[in-house]
Amino acid sequence: MLRRGMGAMVALGAVLLAAGGALAQGRDLTVVSWGGAYQDAQRDIFFRPFQQDTKSRLLEETWDGGVGVLRAKIQSGANNWDVVQVESEELLIGCEEGLFEKMDWSAIGGKERFIPSAVHECGVGNILYSFVLAYDKARTPTGPANWAEFFDTRKFPGKRGLRRGPKATLEIALLADGVPPGEVYKVLGTNAGVDRAFRKLDSIKGDLIWWERGSQPAQLLASGEVVTTVGYNGRITAANQGDGRNFGITWANNLFTLDSWVVMKGTPNKDKALQFINFVTQPARQAELPQRIPYGPTVKGAQDGLPPAVLANLPTAPANAEGALQLSDQFWLDNLDKLNQRFNTWVAR
Amino acid sequence: MSARWKAAALVAPLLLFLLLVFVAPIGTFLFRAVQEADVAPVLPRTVSVLADWNGAAMPGDAAFTALAKDLREARTRDQETGGGAIARAAARLNADWPGFRSLLPMTARRIAAAEGPPREALLSISEDWGTPAVWGAIRRAGGPVSDFNLLAVLDLKRDAAGGITAAPADEAIFRGILWRTLWIGALATVICLAIGYPLAWLMATAPPRWVPFLVAGVMLPFWTSLIVRTAAWMVLLQREGVVNAALQATHLITEPLPLLFNRGAVLLAMVHILLPFMVLPIYGSLRALDWRLPRAAMSLGASPLRSFLRVSLPLSLPGVGAGCLLVFIQALGFYVTPALLGGANDQMVPYFVAFYASRTVNWGMAAALSVLLLLAVVLVVALYGRLVGFSKVRTA
């Protein structure tokens with residue numbers, strides 16, 4: 001009797017200890033994304049089904065980007081994020097700094113499942129989006145057909161919107177000047193190439209309006225402030241679908257980039273995190289997102305069954321991806337300081 | 001004596017408060033303009049070896065050995081802690097020698113596995129290690145303090161030999177920005193004065209029952225957020241906005257005018273926001289004016305203009321001085337209004353502080369530009385004190 005009592009006590013103690021340990025160790029999988037309408041869509045398509053499927057809890061958080069945030073999380077030793085959606089630049093820097101776990105491709109079905117640009121040492125692409133040329137069909141039924149026409153102020157008189165900063169802007173200037181997409185970064189890597197890009201921009205400097213936030217291009221088009229502008233494809237299509245606009249997109253030589261999922265270094269939920277990434281990158285599941293928000297899927301076969309109307313707005317649709325140029329993060333990591341300075345000087349002159 | 005100590009004890013909490021929330025944080029931030037804390041912790045041996053180097057020829061083998069050892073250790077440390085120290089050092093060095101952002105991490109990654117003499121190993125990783133400019137950048141950033149950022153905001157830099165030279169023309173930007181900032185501030189002040197003085201005069205001389213309405217009219221904009229007021233101007237001035245629509249409806253113009261994203265829009269909104277700061281001090285000094293004096297001047301034969309110029313205006317100058325100082329100094333710090341309403345040519349120093357602080361995370365440059373702005377303000381205030389004197393400044 002006594003021994004049984006003792007046994008019960010020991011068992012109880014063990015349970016309490018285990019529970020304490022579980023409290024310290026076993027936090028729920030925490031997934032971090034960009035918030036807003038985008039994360040609402042992710043919740044319906046990815047997060048809730050994952051919880052139901054695995055019978056486990058998933059915590060959501062939002063952030064605004066910036067590798068400093070991730071660095072602070074890891075350095076503090078109290079990181080509570082597991083899976084984070086990052087931009088390509090954060091992927092590159094964070095991987096270099098050891099903020100992320102190396103991607104375990106065998107756990108998520110192998111590299112071959114993904115389009116080549118979605119594969120990285122530390123992350124796997126989850127959406128692909130583009131800088132595109134946009135115009136308002138209500139005012140200009142046939143807009144510029146390519147970047148060269150974007151610079152043609154005689155054919156399309158009026159102001160043009162460009163993103164304030166050298167990134168994407170210099171590439172567009174060179175594309176407009178006739179440089180083939182495959183050689184843009186080779187040309188931009190030389191001083192003569194940078195001069196050439198700025199000379200091209202000089203030719204329409206008086207007709208430029210600079211925007212800084214992704215929401216601005218649609219506003220500038222809607223208010224008639226610009227006749228044509230560079231913009232993020234998702235925002236332009238969203239204005240068409242949500243605000244009843246009739247904006248046109250010219251996909252010729254669009255500049256694309258990807259956001260990726262990464263697993264934070266040292267997370268106790270690594271297996272769960274990989275399970276999550278595997279779950280949300282199944283082709284059938286990825287195919288649901290473009291029907292809500294026009295970002296391109298990164299898994300082979302995800303867009304095969306999509307209706308043509310949805311496909312037409314995706315940067316990954318074969319017709320739209322033709323001649324597209326991937327923004328080079330390595331180039332911009334090396335050259336952003338120098339070209340920022342040059343760009344700021346040029347723009348202020 | 002004890003009374004003085006008691007008085008000091010009474011104001012001590014205020015002084016302590018000012019020190020803690022004002023002087024200390026701002027001082028710490030401004031110190032970042034000269035602080036060099038990113039490179040030395042990563043490359044301690046390299047920095048100490050390079051201290052004796054003349055900067056012209058290639059450094060000796062000791063520097064290569066030190067660099068290889070430093071990078072191996074720093075990489076191990078970074079991998080263990082996720083500290084990103086190499087990346088931060090690379091970012092700082094990249095500001096001096098573009099290309100470091102990838103050169104340093106790449107070298108750190110490859111040197112870990114490299115064998116053989118350090119000089120050959122480093123040169124085989126990248127030929128850039130064979131150029132003195134790369135080593136010069138490391139030495140300049142060795143710290144603990146340097147004038148790199150302060151020189152940069154004056155469009156200057158140090159050459160390989162350590163002498164100060166002008167930055168290339170296509171990188172020289174900040175002197176022009178500083179002049180522009182002072183010019184826009186001065187224009188806003190003059191316009192505010194031209195509108196504000198008659199308004200203050202009207203308020204001071206109006207029948208008493210009108211005064212509350214006039215004061216409310218001046219104060220009303222005060223109670224609306226600066227951003228809301230700026231955004232309202234966007235709605236009014238845009239191409240298909242209220243102003244253009246009204247002008248077109250009255251057939252004054254046929255094509256919409258480009259009213260937004262230019263200097264005019266910035267000044268318009270700045271004057272709108274800053275006007276109360278001009279009107280209220282002038283109103284205060286006009287209220288305190290003894291109106292028998294101008295009347296006496298006129299009864300002695302002075303014309304109204306002469307009485308104004310010789311009597312009323314000099315007596316209201318303290319208010320004018322206070323108003324101009326308030327408006328000018330605030331105008332120098334305007335950020336949101338030019339950012340939203342101005343074009344690329346209308347951005348002032350605060351825009352670039354924000355640009356470096358939030359966009360490129362270059363705190364050194366942000367702090368150096370802040371120092372520049374602060375010095376400009378101190379200079380203007382000192383000049384004002386010299387020419388006008390602070391004893392004459394009197395606010396309402």
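**Close-up views of a predicted model**

**View 1. B:L274 and its contacts in the nonpolar core.** B:L274 touches B:A188, B:C192, B:V327, B:Q330 and B:A331, leaving aside residues up to four places away in sequence. The model shown here and in every view is predicted. B:L274 also belongs to the largest nonpolar core, which holds 181 residues. Within that core, B:L93, B:M270, B:L274, B:V327 and B:L369 touch the most other members. Helix α13 of chain B, residues 263-287, gives the core its largest share, 16 residues.

View 2. Strand β4 of chain A, residues 123-136, runs antiparallel to β7(A), and five bridges join them. A:F131 has A:Y232 of β7(A) as its bridge partner. Strand β5 of chain A, residues 160-163, pairs with β7(A) in the parallel sense over two bridges. There, A:R160 stands opposite A:T228.

**View 3. Where chain B meets chain A.** The contact involves 30 residues of chain B and 28 residues of chain A. Which helices of chain B each supply at least two residues to this side? They are α3 (61-81), α4 (85-96), α5 (100-111) and α9 (174-205). The side of chain B that touches chain A has 11 nonpolar, 13 polar and six charged residues.

**View 4. The two sides of helix α3 of chain A.** This helix spans residues 67-76, and its residues A:V67, A:L70, A:K73 and A:I74 are buried. Seen down the axis of α3(A), the buried residues fall within an arc of 120°, so they line one face of the helix. Helix α4 of chain A, residues 88-97, is included in what covers them. The face turned away from the buried side carries exposed residues: A:G68, A:A72 and A:S76. Just after α3(A) comes A:G77, with a positive phi of about 75°.

**View 5. A:G206 in a loop of chain A.** The loop lies between α8 (191-202) and β6 (208-211) of chain A. Why does A:G206 count as exposed? A:G206 has 8 C-beta neighbours inside 10 Å, and a residue is exposed at 12 or fewer. A:L59 is 147 residues away along the chain, and the C-alpha atoms of A:G206 and A:L59 are separated by 49 Å.

Note on methods: Residues numbered from 1 in each chain as written. Chains lettered and ligands numbered in written order. Predicted model: local features only at pLDDT ≥ 70, side-chain atom pairs only at ≥ 80, totals over all residues. Pairing = 2+ DSSP bridges. Helix = DSSP H or I, 4+ residues; strand = E, 2+ residues; numbered from the N terminus. Contact = placed C-beta atoms within 7 Å. Nonpolar A, V, L, I, M, F, W, Y, C, P; charged D, E, K, R; others polar. Core = buried A, V, L, I, M, F, W, Y, C linked by C-beta atoms within 7 Å. Buried ≥ 20, exposed ≤ 12 C-beta atoms within 10 Å, placed from the backbone. Arc of directions from axis to C-beta.
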